[in-house]
Amino acid sequence: MTDLAVSFRGVGKKYRYFTLDKIDLSLPQGQIMGLIGPNGAGKSTTIRILMGLVHQDSGEVRVLGRQMPGGQVAAKWDIGFASEDMRLYDSMTLDWHMSFMRSIYPSWDESYAQVLLKRFGIKREQKLRGFSHGQRVKSALLLVLARRPRLIVLDEPTTGLDPVARHEILRELTSAMADESRTILFSSHNTQDVEQISDRITFIDRGRIIDSMDKETYLDRWRRLRLEAPAGIQLPALPGIIDVKQTGRLAVATANAFEPELAQAYERTGARVQQIESMTLEEIFVANVEHSRFEQSTEEVAA
Amino acid sequence: MNGTIIPQLILKDLRLNRTAVIVPLGGGALGIGMFMRGGLVAVFGIITFFTAMILSASMLPTQCLLGERKHQTLAFLMSLPLSSIQYTMAKMVTALGMFLGPWLMLVIAGMWIILSRAGVPHGLLPLFLTLCVLVLAGMCVVTCVDLVSESEGIHGIAMVAVNVSYGLAWTLIATSANVRAGIESPVPVWDSTILSVLGGELAFIAVLLGLTLFLQARKKDFI
């Protein structure tokens with residue numbers, strides 16, 4: 001037995017124009033992880049490897065204690081998956097889809113399905129072809145949640161949804177976590193959604209995991225320092241600072257390991273700390289991606 | 001959790017693709033009806049009969065296999081407790097089963113007409129069966145190509161190739177001296193040419209299905 005719902009160790013996958021590079025990822029049971037990355041970062045490939053739909057070239061993937069892709073059939077009994085590009089059968093009703101899922105999963109919870117139908121305001125007798133995008137997403141989520149899976153994997157579930165529908169989806173995901181043994185992994189490029197419900201956050205860019213930790217740690221460690229440098233002095237990037245942008249005497253330093261001593265260290269260089277600002281998850285994400293890309297290009301030049 | 005969901009997938013496809021069975025069956029029945037009228041109408045009946053069969057051989061793989069990818073329902077299916085090889089088996093059973101049902105009904109009806117209708121030589125039976133099995137082989141080609149390639153473009157190429165090969169094969173078989181000699185016979189003549197062609201068609205189908213399963217089992221990226 002393991003207390004990790006998902007574990008990636010050195011997972012690689014090479015395509016002609018894209019490489020997933022030695023991915024390490026751990027998601028403990030009972031947590032919600034948000035996988036954030038720009039378009040084409042490797043989020044969907046990572047999730048497809050997790051589901052056993054794409055086989056990794058190297059490394060080890062374990063999901064709910066099963067080795068993937070070999071154990072995918074057994075693992076998928078306990079995984080609920082939905083993705084932004086996934087469609088249901090347009091010519092059939094939602095009721096038909098519910099019956100289909102019920103015929104497969106003994107764990108199907110009809111009373112919970114009824115509750116979800118009401119909460120989402122969708123009609124089971126209606127054909128999918130008549131549903132809006134939001135209603136389709138809600139239908140897919142209903143089919144996932146009413147099975148009561150141990151692991152829920154969602155690839156860009158809120159993309160293209162209006163704010164109300166997004167709120168409904170996120171609220172339902174949060175309430176699904178009332179069962180402490182349930183785990184959720186969801187990918188998005190919308191940092192607001194991820195910030196709202198995640199315990200852990202993983203940033204991915206250009207096929208590499210660039211950072212992964214719990215949300216509070218991110219918000220605690222990342223700060224923006226507005227500094228005024230002495231005339232003619234270029235402020236250095238001290239340890240814990242990933243970027244310093246200086247225009248004349250005014251500088252902005254971005255810290256990814258902020259400690260109060262950092263401000264004192266700048267003051268010792270003669271700078272005046274004007275302000276220390278918290279950063280939003282979106283700002284942290286963008287700064288993280290830019291820093292990672294800068295480091296990557298430096299490595300490539302050095303090589 | 002143990003067990004396979006292949007039966008549920010087959011039932012789902014039967015429900016979703018009913019028209020691909022009903023339409024060719026209706027066309028085949030119409031062809032048989034026309035054949036029974038005799039004269040020139042009978043010739044059109046034969047054409048209608050085989051057109052219905054060929055149409056079914058094209059429609060089923062398109063709806064049953066390519067439809068999942070085209071309509072983006074494949075991700076939904078593959079989120080279920082199913083491996084790629086189980087998916088392939090379910091689709092093979094469904095597509096071939098749905099084709100074989102009407103195919104068998106039409107073949108039996110055609111055989112009954114040949115054997116019961118006055119003025120129709122029983123010697124037509126071996127040729128009729130050979131041509132029907134050829135359509136079955138063509139359907140298997142399209143099904144297997146669709147499963148392995150998952151591409152509408154390649155499906156189109158396979159369809160053209162199969163349809164062209166029908167014409168070539170029918171001409172070759174029907175113009176064979178042995179076969180021509182047997183057609184007019186009052187009893188079915190199962191000579192070595194007919195048996196070789198029939199055996200070759202069945203062996204081709206078996207090899208094709210096995211090869212498809214082998215290739216699907218080796219696929220690393222399913223979506």
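Strand β3 (residues 32–36) of chain A runs parallel to strand β9 (residues 200–205) of chain A, and 4 bridges join them. Strands (E, at least two residues) and helices (H or I, at least four) are DSSP runs numbered from the N terminus, and two strands pair if DSSP finds at least two bridges between them. The structure is a predicted model, in which local features need pLDDT of at least 70, side-chain atom pairs count only at pLDDT 80 or more, and totals for chains, interfaces and linings use all residues. Residues are numbered from 1 along each chain as its sequence is written, while chains are lettered from A and ligands numbered from 1 in the order in which they are written.

In β9(A), A:Phe203 stands opposite A:Ile36. Both strands belong to an open sheet of 6 strands in chain A, ordered β6-β7-β8-β3-β9-β10, with mixed pairing. The edges are β6 (79–83) and β10 (208–214) of chain A; each has a single partner strand, so one side of each lacks a neighbour in the sheet. Direction ignored, neighbouring strands of this sheet are turned by 15° against each other on average. Helix α1 (residues 43–51) of chain A lies across β3, β6, β7 (151–155), β8 (183–188) and β9 of chain A, and runs at about 150° to β7(A). Angles run from 0 to 180 degrees between N-to-C directions, and axes are lines fitted to C-alpha atoms, for helices over the stretch in contact.

Elsewhere in chain A, strands β12 (residues 241–247) and β13 (residues 250–255) pair in the antiparallel sense over 6 bridges. A:Lys245 has A:Val252 of β13(A) as its bridge partner. The two strands, β12(A) and β13(A), form a hairpin with 2 residues between them, and A:Gly248 in the turn has a positive phi of about 65°.

In chain B, helices α6 (residues 124–149) and α7 (residues 152–175) pack at an angle of about 160° with their axes 10 Å apart. This angle makes α6(B) roughly antiparallel to α7(B) (a term for angles over 145 degrees).

The contact between the chains takes 20 residues from chain B and 20 residues from chain A; residues are in contact if their C-beta atoms, placed from the backbone, lie within 7 Å. On the side of chain B that touches chain A, α1 (6–16) and α4 (74–78) of chain B are the elements giving two or more residues.

The model scores ipTM 0.84 and pTM 0.85. Chain B has a mean pLDDT (the predictor's confidence in each residue, from 0 to 100) of 87, with 99% of its residues at 70 or more.

Methods:
Angles under 35 degrees count as roughly parallel, over 145 as roughly antiparallel, 65 to 115 as roughly perpendicular and the rest as oblique. Two residues are in contact if their C-beta atoms, placed from the backbone, lie within 7 Å.
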